[in-house]
Amino acid sequence: MREPLDYHDQNDKFSTEKLLTFNVGSSSVKFGVFILKAGTPLSVGKGIIEFQRNCLKFQFGGAEKSEIALPATSKTCTSGVVDAVFTALATHFEIVDITAVGHRMVHGGDLFRGAVPIDEKTRTSIESLLPQAPLHQKHSLQLIDAVSTLQPDIFQTASFDTSFHSTNSTLVRRYALPRALHDQGVKRFGFHGLSYSFVAREVARIAPDVADGKVVVAHLGSGCSLCGMEGGISRDVSMGFSTLDGIPMATRCGALDPGVLLYLLAEKKHTPEELEHLLYHESGLLGVSGISSDSRELLESGRPEAKEAIGLFAFRTAGEAARIVSTLGGIDAFVFTAGIGEHQPAIRAAISSHLGWLGLEIDQKANNSNAQLISSPDSRIKVFVIPTDEEQVIADDTFRLLTALQTN
């Protein structure tokens, strides 16, 4: 991942045009500032809005850092939150220099196969997909509207997580449900596509010997999924119709027998709203441990419930990896990325221990130091730790669309 450039030292070398990106997650919003040089968006600043702490952290030029309290007290993306971002950025440059804003959109369904400019029609289409990704899509739409309110003339774009997985075959995407439901859009879409797109590019850059082969990538953060790629193209993914499917996450359940839902509805008299909250906010690591949704806290805890939560997470992740290897018909490399994947050696080791039968073996010293290559010399499969950069993918998409607009 490219580090932010020192804007203050190199200001005279850059165009004044800048791009801003927003990346909505389930517990935070990351944003990036990019400046155009030689026709390429280069990162000069980054920040994160943490809803649980109600604060904004901002880093500009690679060295200067600041942290401010948000004026909005709710844990949602409001105009006040966006205003705080623009206020922080205004201490470094003129806001009028921002020519475009790119947004990460989790769900594009069958409506979007690539990034698009946001207008009234595309916004309505994005909103129609809200039921499939309520944890993210609502916040992204609020951000779009907030930017429009504060800067009504600014060019905005949307980049979709689902687009990367449009290459999955119908066999992979189909559920064993009546065909009419599949035709109506009840199918497996997959998510975290912006992350996988960036990682695919990085694998091609750092390990061209395996990039054309079969690679399984584990995006492990607050939200988690796995993707199987062949030649950098998605062939299978653990998430399906919604961001609930696949492996357990911080507060989401992962794959679940639908009979459990029928039981909770019929016997326990849960409402759909109660079920939604249970599945999205009370399950996963938090639900199993009863302690925390943060894997760092669970690793530090001595309680058996914490150990069981981490153990289940590693077990299910390895099991899903094995299923995806079956789709690919083999594996040449395994990649860990995102917050947990990039920074937690103990969890990488726990997952890898379940995959030894594939010939996967990690080097303990390399793993503990978060090295880029953590597989041992004897491992049949290369294992990498690659930081993801979804903001760069959004910026690249935004710049391409902005260039097309200016050319026309």
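Predicted model: local features only at pLDDT ≥ 70, side-chain atom pairs only at ≥ 80, totals over all residues.
**Strands, rings and a buried lysine**

Visitor: Which residue of strand 6 is the bridge partner of Lys18?

Guide: Strand 1 is also joined to strand 6 (residues 98–105). These two run parallel, with five bridges between them. In strand 6, the partner of Lys18 is Ile98.

Visitor: How many of the seven residues of strand 1 are buried?

Guide: Look at both sides of the strand. Lys18, Leu20, Phe22 and Val24 point one way, and all are buried. Leu19, Thr21 and Asn23 point the other way, and they are buried too. Strand 1 (residues 18–24) is therefore largely enclosed by the rest of the structure, its buried residues numbering seven of seven.

Visitor: Are the rings of Phe22 and Phe31 stacked, edge-to-face or tilted?

Guide: A search of the whole structure finds four aromatic pairs. In one of them, the ring centres of Phe22 and Phe31 are 6.4 Å apart. Stacked needs under 30 degrees and edge-to-face over 60. The planes of Phe22 and Phe31 stand at 50°, so the pair is tilted.

Visitor: How many residues apart in sequence are the parts that Phe112 and Phe160 tie together?

Guide: The rings of Phe112 and Phe160 have centres 4.4 Å apart and planes at 5°, so the pair is stacked. Phe112 sits in the loop between strand 6 and strand 7 (116–117), and Phe160 in strand 8 (residues 155–160). The pair therefore ties together parts whose separation in sequence is 48 residues.

Visitor: Is Lys187 buried or exposed?

Guide: Lys187 is found in the loop between helix 6 (179–183) and helix 7 (193–206). Leaving aside neighbours within four places in sequence, its contacts include Arg173, Tyr175 and Phe241. The cut-off for buried is under 20% relative accessible area. Lys187 has 10%, so it is buried.

Visitor: Which residue has a side chain joined to that of Lys187 by a polar contact of 2.8 Å?

Guide: Among the contacts of Lys187 are His182, Gly240 and Asp110. The side chain in the 2.8 Å polar contact belongs to Asp110.

Visitor: Within what arc do the buried residues of helix 15 fall?

Guide: Helix 15 (residues 345–353) has as its buried residues Pro345, Ile347, Arg348, Ile351 and Ser352. Look down the helix axis: these residues line one face, because they fall within an arc of 165°.

Conventions
Residues numbered from 1 in each chain as written. Heavy atoms only, no water. Helix = DSSP H or I, 4+ residues; strand = E, 2+ residues; numbered from the N terminus. Buried < 20%, exposed > 50% of the residue type's maximum accessible area, 1.4 Å probe, protein only. Polar contact = N/O pair within 3.5 Å; in protein donor to acceptor, adjacent residues only side chain to side chain. Contact = heavy atoms within 4.5 Å. Arc of directions from axis to C-beta. Pairing = 2+ DSSP bridges. Phe/Tyr/Trp six-rings, centres within 6.5 Å; stacked < 30°, edge-to-face > 60°.
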